[in-house]
Amino acid sequence: MKITTYKQIPTKKKAACRLVFVNSKGDVLAGPKKMADDLTPFVENGEFGKSFGTPFYIPSTGTRTLYMNMGEKKATAIQFRRATGKAVKLLKPKNIKTLYIDCQGLDEASVRAIVEGVTLGSYDYLDYKSDKDKAPKSLEEMSLNLKNTGVTIKKVQAWSSISDGVNLARDLMLQPPNDLYPETLAKKAKQLEKEGCFKAQILKQPEIEKENMNALLSVSQGSEKAPRFIIMDYNPKGAKKTFVLVGKAVTFDSGGLSLKPSSAMPEMKGDMGGGATVFGIMASLEKIQCPHRVVGLVPSVENMPSGTATRPSDVVISRAGISIEINNTDAEGRLILADALDYAKNFKPDYVIDYATLTGACLVALGPKICGIMGNHQKLVDAMVKVGYSLDDPFWQLPLEEDYEALLKSDVADVSNIANTRWGGTITAGLFLQRFAKDYKWAHCDIAASILEKPDDFNPKGGSGAGVRTTIEVFDKMS
Ligand code: BES
Ligand code: ZN
Ligand code: ZN
């Protein structure tokens with residue numbers, strides 16, 4: 001999307017709309033008072049309601065106006081993002097090409113929220129629709145008045161690039177698993193390498209075997225699709241810190257021989273959401289000139305039942321040398337992460353963060369929107385929680401309760417891949433991972449909620465791209 005700034009909104013521009021934020025009394029929140037003159041009669045006759053998020057559209061042959069009611073109280077950045085997301089959705093069928101938004105006098109967080117409301121709210125996944133050419137054209141240009149905001153166009157461009165990263169993560173999550181599988185996901189990394197985003201190295205089955213990643217291989221062995229271990233390395237000159245990001249990319253999770261019920265299966269095309277988050281972050285770094293080295297590790301497999309699939313009770317020796325009894329083949333995410341977390345040591349990281357659609361229990365604990373986070377370094381966890389909430393990309397900490405370690409006991413191996421109780425499944429999964437992440441500062445994000453059940457104001461159903469915006473912001477907080 002083209003991003004420009006303006007001083008004066010043209011009144012006669014075709015296929016253009018101005019978006020004006022007002023409170024429920026009709027007062028303009030950013031920009032000159034008289035901007036809402038044509039709204040006044042509707043406020044006076046009560047047609048313009050009182051509640052947050054109600055839009056009021058005034059058509060015109062030239063530039064149209066969409067008033068967004070921000071409610072009675074002072075509008076927050078979170079509300080600006082949601083309201084803008086709502087607005088761009090509303091404008092979609094109207095074939096608007098340019099959107100003018102007056103941000104005068106708003107604080108940086110609110111301007112960022114507005115930019116993200118536009119870039120994230122206008123997202124659509126149409127790749128497989130045969131009539132996509134007939135679909136309403138999405139916005140081509142966002143034009144902002146940034147006077148008295150302290151925000152530069154460069155910053156706006158960076159936020160927009162990060163949003164493109166979120167939208168890439170969404171595309172990957174929504175792509176059907178007959179087309180997105182380990183090999184094609186790896187190709188995407190190679191494509192991004194060609195575009196200059198980072199260096200990419202792909203480990204195929206023989207190299208994965210050489211690395212002794214037997215936990216990872218045990219998941220893919222039931223599938224016709226070969227595994228890939230994707231390494232993306234963004235390493236700018238004079239890099240400040242080294243972050244390693246690890247993302248679970250199970251391109252389809254049938255459960256394996258511990259087969260899932262059929263009703264739970266279709267959404268499991270999104271079980272590569274952790275990998276998608278890592279891709280989304282990695283794709284943005286060069287564009288925003290991130291000053292840190294960031295390595296993205298994406299173990300990618302398909303989890304299928306077959307004559308060659310892992311049997312519940314099989315034992316594998318992971319790359320770290322820890323033996324794992326696989327008592328449930330549906331707890332596969334932690335197996336591929338175990339080997340990837342061990343591989344992360346190679347980069348001598350300052351921090352490691354992993355992302356995974358790891359447990360249904362996380363949805364039970366925190367509901368359909370909030371992601372779980374655990375870790376061995378409180379500062380890192382705190383930063384993720386604080387930044388995540390400020391960006392409406394929420395994470396909430398769960399404890400890595402030592403007493404629960406005993407629940408992962410195996411009769412024959414060092415550890416079992418499932419706990420011997422149904423309860424606390426997100427925490428026991430976190431405790432399992434912790435065994436492989438002992439040597440560095442680490443946080444684990446259970447982003448099961450990124451497979452959104454229902455769309456919201458700026459996230460599509462099935463893939464939100466959780467964690468992309470938060471993590472990039474956290475890099476600077478941790479340096
Ligand atoms: N990919 C699933 C977790 C999941 C479920 C994510 C629903 C998003 C929505 C994971 O591989 C899984 O199946 N986990 C099991 C673990 C259990 C067998 C210990 C689960 O959550 O039931
Ligand atoms: Zn599973
Ligand atoms: Zn899974």
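Modeller: Start with a term: a residue is buried under 20% relative accessible area, exposed over 50%, and partly exposed in between, with a 1.4 Å probe and protein chains only. This is a predicted model, in which local features need pLDDT of at least 70, side-chain atom pairs count only at pLDDT 80 or more, and totals for chains, interfaces and linings use all residues. Residues are numbered from 1 along each chain as its sequence is written, chains are lettered from A and ligands numbered from 1 in the order in which they are written, and side-chain values use heavy atoms, leaving out hydrogens and water.

Biologist: Why is aspartate 253 called buried?

Modeller: Its relative accessible area is 3%, so aspartate 253 counts as buried. Glutamate 332 is buried as well, at 1% relative accessibility.

Biologist: What makes a residue a donor of the zinc ion (ligand 2)?

Modeller: Donors are N, O and S atoms within 2.8 Å of the metal (3.2 Å for Na, K and Ca); water is not among the atoms, so sites may look incomplete. Asp253 (OD), Asp330 (O), Asp330 (OD) and Glu332 (OE) lie 2.0 to 2.2 Å from the zinc ion (ligand 2) and are its protein donors.

Biologist: Which residues coordinate the zinc ion (ligand 3)?

Modeller: Lys248 (NZ), Asp253 (OD), Asp271 (OD) and Glu332 (OE) do, at 2.0 to 2.4 Å. Aspartate 253 bridges the two zinc ions, ligand 2 and ligand 3, which lie 3.2 Å apart. Aspartate 253 is in strand β10 (residues 249–253) and glutamate 332 in the loop between β13 (323–326) and α9 (333–343), so the pair ties together parts 79 residues apart in sequence. Helices (H or I, at least four residues) and strands (E, at least two) are DSSP runs, numbered from the N terminus.

Biologist: Why is the site of the zinc ion (ligand 3) called octahedral?

Modeller: Six donors count as octahedral if opposite donors are over 155 degrees apart and all others between 65 and 115; four count as square planar on those terms, or as tetrahedral if all angles lie between 85 and 135 degrees, and anything else is irregular. The six donor atoms of the zinc ion (ligand 3) make angles of 76 to 174°, and the site is octahedral. The site of the zinc ion (ligand 2), with angles of 72 to 168° among six donor atoms, is irregular.

Biologist: How do you know that β1 pairs with β6?

Modeller: Two strands pair if DSSP finds at least two bridges between them. Four bridges join β1 to strand β6 (residues 141–145), and the two run parallel. Isoleucine 3 has methionine 142 as its bridge partner in β6.
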